[in-house]
Amino acid sequence: MKLYWFTFLVLSIVKTSSAARGFSFENLGSFCKNDTPQGTPNLLPIETGAPRLIRNVENGSLYQIGVGDDQTWLVHLWGKNGYDYGFAYGTLLGEQIAQFMPKVYAYFEKEVTEKLEHLPIPESLKELIAKKGLAFALDVQNSFVEPYMDEEIYNEIRGISDAANIDYKLLVRIHMFGELTRAHCSYYGAWGKATLGGKTLQLRAFDWDMHAGLQDYPVITVYHPLSSKLGHAFTNIAWAGYIGVLSGMSSSLLGMTSIGVELPDDTFGDESMSGQPFIFVSRYILQFSETVDDALSYISNVRRTCRLIVGIADGKLNTARMIQYSHSKVSFFDDVNLQPAAEWHPTIPNIVYNGMDWLCPSYQYKLYEQLMSEYGKITAESTIENISAIVKTGDVHVAIYDLTDNILYLANGGSPNKQGPKPAYQRQFNKLDLKIEYARSQPSINEIENFH
Ligand SMILES: *[C@@H]1O[C@H](CO)[C@@H](O)[C@H](O)[C@H]1NC(C)=O
Ligand SMILES: *[C@@H]1O[C@H](CO)[C@@H](O)[C@H](O)[C@H]1NC(C)=O
């Protein structure tokens, strides 16, 4: 069925690339393995320096955080519509976007083309890609989802395209890889008696194919709306020019995580290519939802696409949920009825969690053990030192959200041209106080460089 093929495509790219190239799974990404992960603690001090201003433009400011090879761009955008956001983004980071986007596209195109014969997708679709190319297939995907999209998303992409002088269609196609960005990741939401001082904390460990090079272009984007149609302020944690949300926090104290599912059981529903791509469902929640209850009702009603595990924590209501997500079916879990119910995935009071995949006993249980070893005193610091690093989860990035005090802790993976360990969970974390970031004001005319 045509609506399913993208899923297969995605999963098979990841699988065949690891086998064909002879990399161990360990190097390629963190996959669900039977052996129990046992990493070493991450003892690097957390970098807490204030963001350094690089430049101001109309409707945007560019900062950098972190030191040495662990620097991350921090972009602030102001706008009355998506186009204003995108134009400022493309003006500030045009060079990085122009390097990254064609590179990441070429990487996937090569993966798909080389592995096409072996991809478990219908012959007719292989023929379609073989004859018409991947771009055509992604344009078909876009036509399926367009009716469910907020038009301001397309306007933002248009703004980036105009300011950075990058092909608009290329940018849209990359955002249509939505289902493709599904990754094996880990999540916890912890609150109340599980954490030190009763804080609401969330772990978002993003594990994916490090050869795509996402970790070389990390960008934190803080959106400051000047019109109610853009919702409230929120923060996306992504890569140059990518405006879908895989990881992020909102000014209403919600945190988002999504985890791709490769090992489901029959409690999941089916999938569809037509609907709102999950990267934009996550973005909608950060941009518009006030509480986790709003978020759950949005998820219930939206036309969903693929199978996922979604994690949402709420620093105002001091709670968190885990969502079993698919096109045809959705289930919400708290700390009492958490699924999958198995001896390797015990429930824990005031914690919801998922290690790497749905049916992934080794990672699920290791995450359970680490959470229990820190139980009652979980902090961002103890998560960095004793949870993600030991469970070995979060190669591309690890984000910890303190949703009580609105603070983000973020580490990005290394690459061949960066010193030190590769996986993000072993690298230096940067601390960013989002209360300060949301309070920043739009640069005035005299602060804008080369204003004329
Ligand atoms: C900046 O944003 C304002 C709306 O607040 C808009 O009218 C203006 O065109 C934008 N400037 C640029 C250069 O995009
Ligand atoms: C990590 O675990 C060790 C051993 O239990 C403990 O001594 C240390 O304080 C923990 N780190 C943090 C930051 O809590």
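**Figure 1. Salt bridge between Asp-70 and Arg-427 in the predicted model.** The closest N and O atoms of Asp-70 and Arg-427 lie 2.9 Å apart. Asp-70 is located in the loop between strand 2 (60-65) and strand 3 (72-79), and Arg-427 in the loop between strand 15 (407-412) and strand 16 (430-433), so the pair ties together parts that are 357 residues apart in sequence. Asp-70 has a relative accessibility of 14% and therefore counts as buried, the limit for this class being under 20%. Arg-427, at 3% relative accessibility, also counts as buried.

**Figure 2. Salt bridge between Lys-199 and Asp-405.** The side chains of Lys-199 and Asp-405 meet at an N to O distance of 2.8 Å. The pair links distant parts of the chain, 206 residues apart: Lys-199 belongs to the loop between strand 4 (184-190) and strand 5 (201-207), and Asp-405 to the loop between strand 14 (397-402) and strand 15. Lys-199 counts as partly exposed because its relative accessibility is 24%. Asp-405 is likewise partly exposed, with a relative accessible area of 30%.

**Figure 3. Salt bridge between Lys-435 and Asp-433.** In this pair, the closest N and O atoms are 3.2 Å apart. Lys-435 has a relative accessibility of 43% and counts as partly exposed. Asp-433 is also partly exposed, at 22% relative accessibility.

**Figure 4. Network of Lys-199, Asp-402 and Asp-405.** These residues are joined into one network by salt bridges that share partners. One of the contacts is that between Lys-199 and Asp-405, at 2.8 Å from N to O. In total, 12 salt bridges are counted in the model.

Technical notes:
Residues are numbered from 1 along each chain as its sequence is written. Chains are lettered from A and ligands numbered from 1 in the order in which they are written. This is a predicted model: local features need pLDDT of at least 70, side-chain atom pairs count only at pLDDT 80 or more; totals for chains, interfaces and linings use all residues. Side-chain values use heavy atoms; hydrogens and water are left out. A salt bridge is a side-chain nitrogen of Lys or Arg within 4 Å of a carboxyl oxygen of Asp or Glu. Helices (H or I, at least four residues) and strands (E, at least two) are DSSP runs, numbered from the N terminus. Buried means under 20% relative accessible area, exposed over 50%, partly exposed in between (1.4 Å probe, protein chains only).
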